[in-house]
Amino acid sequence: MGELKELAAEAKHELLTHIIPFWRGMRDDKFGGYYGYLSYDLALDEKAEKGCILNSRILWFFSNASMALADKKLLRDAECAYDFMTKYCFDKEYGGIFWSVTYDGRPEDTTKHIYNQAFAVYALSSYYA
């Protein structure tokens, strides 16, 4: 049992010191949402298209992290993804969520992949909770 507690503590430490700060650093405070591309050498492309599924996953991640850690600051990170998704990623004319938008929120790939739709439902459900 002690080994399991150590593993849990190590995972929590990784989450708090590496994973959460990494994704917070990907937040686009100018145009909203989260940046869409970071190269293998960590060069950020601020004008890369933004995947709506990426923003769904980030919304899911921060929503669940907020609940698991009882941390309201994480909910504000989720709100950034939520605001961007509801403002730019949803097709207001025909419904559903686009595959991607431009860095500033204009529809880029308007395909409606079922996988993307499902992940948006997961993310919005977690955010609601």
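This is a predicted model: local features need pLDDT of at least 70, side-chain atom pairs count only at pLDDT 80 or more; totals for chains, interfaces and linings use all residues.
## Helix 2 at a glance

Let's start with helix 2, which runs over residues 52-69 and has 18 residues. From its first C-alpha to its last it reaches 25 Å, close to the 26 Å expected at 1.5 Å a residue. Just past the end of helix 2 sits alanine 70, which takes a positive phi of about 50°.

## What's tucked away, and under what

## A closer look at serine 63

Serine 63 is one of the residues in helix 2. Is serine 63 buried or exposed? Its relative accessibility is 3%, and because the cut-off for buried is under 20%, serine 63 counts as buried. Leaving aside residues up to four places away in sequence, serine 63 touches Ala78, Ala123, Ser126 and Tyr127.

## Out on the surface

Now for the outside. Met1, Leu4 and Leu7 make up a nonpolar patch on the surface, and together they have about 390 Å² of accessible area.

Leucine 7, a member of that patch, is found in helix 1. With a relative accessible area of 53%, leucine 7 is exposed, since exposed means over 50%.

Terms used. Residues are numbered from 1 along each chain as its sequence is written. Side-chain values use heavy atoms; hydrogens and water are left out. Helices (H or I, at least four residues) and strands (E, at least two) are DSSP runs, numbered from the N terminus. The expected span of a helix is 1.5 Å times one less than its number of residues. Patches are made of residues with over 30% relative accessible area and no salt bridge: like charges are joined within 9 Å, nonpolar side chains (Val, Leu, Ile, Met, Phe, Trp, Tyr) within 5 Å. Accessible areas come from the Shrake-Rupley method with a 1.4 Å probe; for residues, only the protein chains shown count as cover. A salt bridge is a side-chain nitrogen of Lys or Arg within 4 Å of a carboxyl oxygen of Asp or Glu. Buried means under 20% relative accessible area, exposed over 50%, partly exposed in between (1.4 Å probe, protein chains only). Contact means heavy atoms within 4.5 Å.
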